[in-house]
Amino acid sequence: MPYRAPGSPDKPRPNFLSGKPIRYYRPRGSADIRQLIDDGFQAFNAARLGEACRIFTDKMLLPENDTTIALTIAGAMTPAGLGGCVVELMERGLIDFVISTGANLYHDLHYALNFTLHRGSPFVNDVELYEEGVIRIYDVLFPSKVLLETDAYIREFLTRSGMDGPVSTADFHYALGLDLLERHPGCQEYSVVAAAAAAGVPLYTSSPGDSSIGMNIAYHELMNDSGLMIDPNKDVNEVCAFILAGKKNGCVILGGGSPKNFYLQGQPTLWEVYGIPKGGNEFFIQITTDSVVWGGLSGATPAEAVSWGKVNPGVLPDTAVAYVDSTIGFPLFCEYVVGAPTGRRPRKELVHKRADLVAALKREAKAARREHPQPAETTDTMGDLERHR
């Protein structure tokens, strides 16, 4: 047996799955937490989190601003039960679209399918976990059959959906959410994917092949000769169309990574590629543990984003970065927001407006090209030299 000295008595195996089930936490707008943030979070990163809360409730959510708000999610948030915060914000119309790692959406499906994840310890013996068939995400533990049965559901969904040809990740996740609602009624109360379909909130994945959902789509193509293809071009254009249509634009960024950049690149795509000078985001909130000094995108500040045209240079006072673990900062942020007078607004239901908004983007981009022709994409230098001999 691993880690047992020769001759020592056998010890009973620990029950790794004896910890409390992890439930989706739904914020209720606690007045005590709002008071703590307003009166007790007075300096350093506590104050930055307070700034983020007030920028969101006092500015981004003002009806006259009509801000189109994106939430980007990196890090293992749904396994930790914080998908419930996302569900609450979607139901209240406080976020209009989501860009997430595929892993967060995959692990969200465990809750929709009524599987159980357990609180555990990060200091367990991983060899014993392997032998017992238990999966670990830091201190979240669950049996490996949860993966296998979730994978089986995805493959069965792919077959019965009949989807074929290129689709955006929003198309895919919307169809998946509708399937969950039909087969597991009520699961929108504790599933981001199902709740997004019910609320009309588009869900995007910036790296669709980098998750178990993508792995099962690859299986579907190989084994079933499917023509289904995730088309990232559609994702890029849909996100750009949302930003272009927004009276004002803002974001809440959890962690950083690929979802952060996938959203923020929308503004440079408009001015740099399509020739449409939108002007950059008006609001920027990030909750992260990534530091700017390492040079990575995850730690890049809103001030740095100004040089790229991602953030409007005149609105830096309406940006905030709180350097705190998202599993701490985000539920506090959500409690504050849900309890605010502006904590509910009409939903935009952008999932149903994508085609019209992309068509508007195309019209405006063509008009911009006619008005301001771009330099030729390629130059036939050798041909020019031959003609001038």
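Helices (H or I, at least four residues) and strands (E, at least two) are DSSP runs here, numbered from the N terminus, and two strands pair if DSSP finds at least two bridges between them. The model is predicted, so to speak, with local features needing pLDDT of at least 70, side-chain atom pairs counting only at pLDDT 80 or more, and totals for chains, interfaces and linings using all residues. Residues are numbered from 1 along each chain as its sequence is written, and side-chain values use heavy atoms, leaving out hydrogens and water.

Let's start with a hairpin. Strand 4 (residues 134-137) pairs with strand 5 (residues 140-143) in the antiparallel sense, over four bridges. Arg-136 sits opposite Leu-141 in strand 5. Two residues lie between the strands, and Tyr-138 takes a positive phi near 55° in this hairpin.

Now over to helix 14. Its 13 residues reach 17 Å from first C-alpha to last, close to the 18 Å expected at 1.5 Å a residue (that is, 1.5 Å times one less than the number of residues). Because 11 of the 13 are buried, helix 14 is largely enclosed by the rest of the structure; buried means under 20% relative accessible area, with a 1.4 Å probe and protein chains only. Among the buried residues are Phe-330, Leu-332, Phe-333 and Glu-335. The buried residues of helix 14 pack against helix 1 (31-40), helix 2 (44-60), strand 1 (67-73), helix 3 (83-91), strand 9 (248-254) and strand 10, where contact means heavy atoms within 4.5 Å.

Technical notes: Buried < 20%, exposed > 50% of the residue type's maximum accessible area, 1.4 Å probe, protein only.
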